[in-house]
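Here are a few exercises to work through with the structure open next to you. Try each task before you read its solution.

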Amino acid sequence: MNGTQKATKSDNPFLPEPARIVRTYPLTEDVNFFQIRIADMEKALGFSYQTGQFAMMTVLGAGEAPFSISSTPSRPGLLEFCIRKAGTVTNALFNLKENDLVGLRGPYGTGFPVDKMQGKDIIIVMGGLGAAPLRSVLLYCLDNRDQFGRVILLHGAKRPAEMLFLEEQLELKGRDDLECHLTVDSDDTGQWTEGTGVVTTLFPKLEGIDPENTFGLVCGPPIMYKFVLQEFLKLDIPKDQILMTLERRMKCGVGKCGHCAIDYIYTCLDGPVFSYWDVIHMRELI
Amino acid sequence: MDKILAKKSLTQWLKKLDGYDIYAPFPQDDTWNYDLVTDPAKVSLDYLNTAQAPKKIIFPQREVFLEFARTEDGAPQMTETLPDPAPFIVLGVRPCDAKALTQHDMVFAGEYTDPYYWARRDKSVLVGLGCATPPSPNCFCPTVDGSPHSKQGLDILLTDMGANYYVEALTKKGEKLLGAAKTLFKPPTPKDKQTKEKVVKDAAKKIQRQIKNLAEVPPKLKGMFESELWDQEAMSCLRCGICTYLCPTCHCFDISDEVKNAGAVQGERVRTWDTCQFPDFTMHSSGHNPRSDKASRLRQRIFHKFQYFVENHKTYQCTGCGRCISLCPVGIDIIEVLNKVIDHA
């Protein structure tokens, strides 16, 4: 929230830090995976962030856009992003190659409260590009496995070819400390061995949920929130333990430009991670 | 510090202000607009109000954030372009427009300070001109906690007393400007003070328009998010955005890259004013738009000014200048909208 006091002038918050694409490859037809390292090694290692936060990425000449960080702070140095080719900046980004330079500033926004989530069971529900921010918290939980109770992943996509991190998650399925359920709306391959149906059809698979002891996390296309939140409520998960991360158009990332304003808050400062309480109290949120 | 300045001495005073750039209103076509003073003799404060608020001097409609260049085989270079202006005076600022700048100060401070804004703001000296007669038939500053002679945000306030200005230096910066031409400023007589008080009092009575009781609006709005009022009021909106572009308090902006040479990628990253009244203001690259209809955008404008901003900064984000009413091509009238909110069941 903006204070009315003028703080001491810090560095220019609008100036991106040069960064290099270390690795990029397609995850699906229109989504690429990017590994990026801030060029200045000291700054690269000093870039500390929380799961759920985002960064503004620059492609010079095309502009700047906000992207969720898909990597986990438990693996410092490299930042990972999962980006759909959709607008001016992403189209230009997809034309870049490994070792090309981009700009990065951030991290911005609120993260998932992993301290409060300690010792609790975690249900992560991702749909479509919602995998981008939630992969961060999923990997964080797995890297700090002894700090959490059950870790459950429910992941939905339209078709098998559109499921993000499919290989990574099929591999994770082999772990006995992760309950991983995948589903697609429709299987056009004839070779899909996981679930079929929208992501909420996976909820009946959950057994023995101890709601008071559970955090429910969701991110996906706008339509998905309402239905998944209903499922969390049906499970009696407390409203402050139902968390989601939201998308908004953003330009500055620092609470000035007004694009991401919802009610009296700015998604870039007070979000993108919100709880179900926020949904009740702030219209226009979902 | 109170003084009297003869109107005919204004030019002499301005000539003494060495080391400052001076911005003053000048007639351009059929409106008045702020411009840099090149000849102090041409400055006249005989105007109603400028078409655009002086916010554009401190927060320009387009400004360069950084310059960039990428050679064919080299690394891209980014060069920060922070402004470094000489100290400057903005002359004849109407009190509503000065108060609006104090609200910009709130927005551009906070957790992240905006270095581009403050580079100019810190160098500014605002010399206000009280409104002896309302500059517009749509002025309504008293009902938004202002007044035609409000001192808020000003360094000096001039009150028009016919042949003279009653000059009040309100800050150290303001006093310094009077110090530059000491002999031109006479101490006010008791009669001058009386005359000034009368001008101030009479001015407030001349305001023709008012919001019934603005204090009722913020709590009332809370229950009116789903009201049909927004659909009705937005029906005629053309989405032109002039209400926000002319607003002295609106601060929303866009950041984009302007390319001069595509081959080697050379250009500028610029900040430009933007408005919540444009459909693409909130549109995601997926095409999803949380505020896809004009009713929700008009509602956003009203809620932001009269509820959200009040919640965050304890003041209405509207200073009653009336520009949005006078210049809306379809006659959307913010006073009428707010009065309807107050009358709403």
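**Exercise 1. Sort the residues that line the largest cavity into nonpolar, polar and charged.**

Before going on, a word on the model: it is predicted, so local features need pLDDT of at least 70 and side-chain atom pairs pLDDT 80 or more, while totals for chains, interfaces and linings use all residues. Residues count from 1 along each chain as its sequence is written, chains are lettered from A and ligands numbered from 1 in the order written, and side-chain values use heavy atoms, leaving out hydrogens and water.

Next, look at who sits nearest the centre: of the 15 lining residues, these are Cys237(B), Cys243(B), Arg301(B), Cys328(B) and Ile332(B). Helices H9 (242–245) and H10 (294–313) of chain B each give two or more residues to this lining. (Helices are DSSP runs of H or I with at least four residues, strands are E runs of at least two, and both are numbered from the N terminus.)

Finally, the space inside is about 130 Å³. A cavity is a set of points on a 1 Å grid over the protein atoms alone where a 1.4 Å probe fits but cannot get out, and lining residues have an atom within 4 Å of a point. Points are joined across faces, edges and corners, and the volume is what probe spheres set on them fill.

**Exercise 2. How much area is buried between chain A and chain B?**

Solution. First, the contact (heavy atoms within 4.5 Å) takes 47 residues from chain A and 53 from chain B. Then the area: about 4,500 Å² is buried, with carbon and sulfur atoms giving 57%. That is accessible area (1.4 Å probe) lost on putting the two parts together, summed over both. On the chain A side, Leu60(A), Lys256(A) and Arg283(A) lose the most, together 17% of what that side buries.

**Exercise 3. Find a salt bridge between the chains, then one within chain A.**

Solution. Look for a side-chain nitrogen of Lys or Arg within 4 Å of a carboxyl oxygen of Asp or Glu. Across the chains there are 4 salt bridges; one of them joins Arg291(B) to Glu284(A) at 2.9 Å, N to O. Within chain A, Lys43(A) pairs with Glu17(A) at 3.5 Å. Lys43(A) is in helix H1 (41–46) and Glu17(A) in strand S1 (17–26), so this pair ties together parts 26 residues apart in sequence.

Key: 1 Å grid on protein atoms, 1.4 Å probe; cavity = no way out; pocket = protein on both sides within 12 Å on 5 of 7 lines; lining within 4 Å. Nonpolar A, V, L, I, M, F, W, Y, C, P; charged D, E, K, R; others polar.
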